[in-house]
Every structure is written in C-alpha cells, then in structure tokens.
Amino acid sequence: MQTTVEPIRGTNDPVQSLELSLVVPVFNEEESVGPLVERIVAAMAEYPHRWELILVDDGSTDATLVNARKFVGREGLALRIVELQRNFGQTAAMQAGIDTARGRLIATMDGDLQNDPKDIPQMVSELERRELDLLVGWRKNRKDGLFLRKIPSWCANYLIGRITGVKLHDYGCSLKIYRASIIKQVKLMGEMHRFIPAWVAGVVPSSRIGEMAVTHHAREHGVSKYGISRTFRVILDLLSVMFFMRYKARPGHFFGSLGLGLGAVAILILLYLGFDKFILGNDIGTRPMLMVGVVLLLSSVQMITTGILAEMIARTYYRDDASPNYIVRQIFDDQSQA
C-alpha cells in the first residue's frame with residue numbers, strides 16, 4: 001500500500017522532501033518494540049527535517065506486530081510497518097525496509113534496544129560534514145559477553161578488513177547511515193548484512209565509507225538471536241564476499257585461473273612421465289604420479305568448463321534479476337488506520 005507521508009514534527013512545510021528514513025527490522029521483540037518507538041520519537045524530537053520510521057516485522061510469532069501497530073497514526077510520528085509473510089532473516093528484512101524507504105538518507109538499527117537512537121542526528125551531521133556515502137557505528141564500549149560475542153567479533157572484523165580492504169573497527173554494528181541513492185544500488189542476500197560496507201565499497205570508493213563511535217547498551221529484553229555458531233557462518237560468508245567482490249562480473253577468471261594452474265601442473269607431470277617412459281624406458285603403469293597427473297588434468301578441464309558456465313549464468317543474472325528476496329504480506333501506515 002503506497003501512501004503519502006504527512007508532515008511531522010520538525011517542519012511546517014508540507015512539500016519539503018523527506019530527509020531521513022529510519023529502518024528497524026524486528027523479530028520476536030514484543031517487549032522491546034514499544035520502548036524502542038518511544039526512544040526513537042524522543043531522540044528525533046529536535047531533528048529539524050522530516051523523517052519516517054519503518055519497522056519491518058520479520059515474521060514474528062509473538063505480539064511484536066500487535067504492539068507495533070499501536071503506534072500507527074500517532075501524532076508527530078510518520079510510521080510504516082512492513083509485515084513480511086514469514087521469517088526471511090535480518091538481511092532480507094533490512095532489504096525490505098530499504099526498498100520501502102523514501103528518504104534521501106537511510107538509517108538502520110537493531111530493534112533490541114542495544115543501539116541508541118540518540119546517536120542518529122549526530123551521525124547524520126557527521127556523514128554530511130565528511131561528505132560520506134556510508135557512516136558505520138562503532139560500538140567502542142560494547143555491552144556484550146567477552147567470549148561468545150566480543151572475541152569472535154574482533155576476529156571477524158580483522159578478517160573482513162584484511163580481505164575486503166575496508167578497514168573498520170565494527171562491521172557488525174547495525175547502526176549505520178547511508179545515502180539512499182547508494183545503498184539502493186546494493187542488493188542484500190543471504191546473511192550478508194554484516195558485510196554491507198564491503199558491498200558498498202563495490203559501488204563507491206572506500207574513502208567515502210567512515211565510522212563513528214556510538215553508544216551501546218546491554219540487552220534489556222529477550223535473548224540474542226545469535227550464538228557462537230555465527231562465527232562459522234561469518235567465515236563462510238566472508239569467502240563468498242571475497243569471491244563476489246573480485247569475481248562477481250567475471251567468475252570465469254576465478255575458475256579459469258584454477259583450471260589453468262591445475263592443467264599446468266598436470267602437463268608437467270605427464271611430460272616428465274612421458275620422458276621417463278619413452279626415452280628412459282621405465283615402467284610408469286603402477287606409479288602414483290600417473291594417477292595424480294590424470295586427476296589434475298581432468299580437474300583442470302572441469303574448472304575451465306565451470307568457469308564458462310559461471311560466465312553464462314552471470315550474464316543471465318545481470319540481465320534478468322529483479323526479484324526481491326522477501327515477500328510482503330501487508331503494510332500498515334496512517335492511511336491504513338483511517
């Protein structure tokens with residue numbers, strides 16, 4: 001349902017363009033969603049431009065949606081609630097919110113009350129002052145467990161920075177400010193929300209990506225949706241990020257390089273064995289090196305063939321892909337309450 005956002009606190013000009021969209025994915029946060037909205041309204045009370053709040057309910061099975069809908073139509077709050085048909089994951093929920101956002105700038109944050117919305121106006125000013133396209137929050141004084149959250153996060157941030165070349169202290173902080181024109185060029189899939197700076201770096205120079213220390217609170221309600229298993233998923237996702245950043249548009253180069261390397265080793269082995277057989281007259285039928293050479297040669301052919309197929313698939317993807325990775329059941333806003 002497409003609606004027109006009414007003027008909200010901070011401006012009396014009904015034709016002024018919407019400046020900021022605040023996107024918050026929520027999943028089973030029935031105790032947090034009410035205080036969350038109240039804190040956002042209080043934090044944005046002095047913001048001088050028009051803004052909207054977009055809550056994306058990622059298939060919650062508790063009263064999250066019911067509690068959120070109580071704020072629809074509230075004076076001074078332009079609220080839109082995007083209800084997804086089922087739980088698609090945080091990345092898809094964030095993508096749904098970004099696609100729905102109409103502001104010139106887009107802010108994202110978690111719905112568990114650990115991010116502080118009071119940082120948002122200052123982050124917007126910092127992004128504009130430094131002329132950035134993405135400003136990432138840095139939970140410098142993080143209120144999480146040392147062994148299950150902090151240490152795995154430190155390791156992941158180091159690896160991501162080394163591989164992607166985008167040096168940040170805290171990739172995992174959901175509190176970020178984007179220019180809408182930039183983030184809407186990036187399609188988020190899988191569980192890649194923690195790698196958003198790396199994806200953005202594929203659209204703009206890394207010099208236009210910055211970070212700023214932000215406040216972080218301990219969780220007040222519910223339980224974390226993540227555990228130590230997230231570390232292993234991050235490693236797998238990181239390999240995918242490395243592949244897509246370097247070879248997304250040319251996957252044939254990745255597989256072809258492997259194939260040519262394996263083929264070169266196979267040819268050297270087979271040439272040596274051929275010399276040993278036909279020049280020196282030695283028996284090579286039972287030598288393990290012969291089997292290794294044949295397997296490497298077959299693997300080389302397979303890799304090169306895979307590269308060709310990957311190139312064909314990539315071209316089909318770039319030509320035809322326009323489908324979202326989520327399904328919206330309904331959108332609630334001021335007009336849906338009328």
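User: How do you know that the side chains of Asp 133 and Arg 208 meet in a salt bridge?

Analyst: A salt bridge is a side-chain nitrogen of Lys or Arg within 4 Å of a carboxyl oxygen of Asp or Glu. Here the N to O distance is 2.5 Å, so the pair meets the cut-off. Asp 133 lies in the loop between H4 and E5, and Arg 208 in the loop between helix H7 (196-200) and E7. The pair therefore ties together parts that are 75 residues apart in sequence. Through shared partners, salt bridges join Asp 133 and Arg 208 with Glu 19, Arg 104, Glu 128 and Arg 179 in one network.

User: What kind of model is this?

Analyst: The model is predicted: local features need pLDDT of at least 70, side-chain atom pairs count only at pLDDT 80 or more, and totals for chains, interfaces and linings use all residues. Residues are numbered from 1 along each chain as its sequence is written, and side-chain values use heavy atoms, with hydrogens and water left out.

User: Why does Asp 133 count as buried?

Analyst: Buried means under 20% relative accessible area, exposed over 50%, and partly exposed in between, with a 1.4 Å probe and protein chains only. Asp 133 has 6% relative accessibility, so it counts as buried. Arg 208, at 29%, counts as partly exposed.

User: How do you know that Glu 52 forms a salt bridge with Arg 102?

Analyst: Their closest N and O atoms are 2.9 Å apart. Glu 52 lies in strand E2 and Arg 102 in the loop between helix H3 (90-100) and E4, so this pair links parts 50 residues apart in sequence. Glu 52 is buried, with a relative accessible area of 0%. Arg 102, at 30%, is partly exposed.

User: What do Glu 83 and Arg 329 tie together?

Analyst: The side chains of Glu 83 and Arg 329 meet in a salt bridge at 3.5 Å, N to O. Glu 83 lies in strand E3 and Arg 329 in strand E8, so parts 246 residues apart in sequence are tied together. Glu 83 has 13% relative accessibility and counts as buried. By the salt-bridge rule, the count comes to 12.

User: How many helices and strands does the chain have?

Analyst: The chain has 11 helices and 8 strands. Helices (H or I, at least four residues) and strands (E, at least two) are DSSP runs, numbered from the N terminus.

User: What is the order of the strands in the open sheet?

Analyst: The order is E7-E5-E6-E4-E1-E2-E3-E8, with mixed pairing. At the edges are strand E7 (209-213) and strand E8 (328-332), each pairing on one side only. From one strand to the next, the twist averages 20°.

User: What makes E4 and strand E6 a pair?

Analyst: Two strands pair if DSSP finds at least two bridges between them. E4 and E6 (residues 176-179) have 4 bridges, in the antiparallel sense. Leu 105 stands opposite Arg 179 in E6. Strand E1 (residues 20-26) and E4 also have 4 bridges, but in the parallel sense. There, Leu 20 stands opposite Leu 105.

User: Why do neighbouring side chains of a strand sit on opposite faces?

Analyst: In a regular strand, side chains alternate between the two faces of the sheet. In strand E4 (residues 105-108), Leu 105 and Ala 107 are on one side and Ile 106 and Thr 108 on the other, and both faces are covered.

User: Which residues does Glu 19 touch?

Analyst: Contact means heavy atoms within 4.5 Å. Leaving out residues up to four places away in sequence, Glu 19 touches Tyr 47, His 49, Arg 50, Gly 103, Arg 104, Leu 105 and Glu 128. Glu 19 is found in the segment before E1. Its relative accessible area is 12%, so Glu 19 is buried.

User: Why is Leu 298 called exposed?

Analyst: Leu 298 has 58% relative accessibility, so it counts as exposed. Leu 298 lies in helix H10 (residues 288-320).

User: Where is Tyr 158, and is it buried or exposed?

Analyst: Tyr 158 is in helix H5. At 54% relative accessible area, Tyr 158 is exposed.

Note on methods. Axes are lines fitted to C-alpha atoms, for helices over the stretch in contact, and angles run from 0 to 180 degrees between N-to-C directions.
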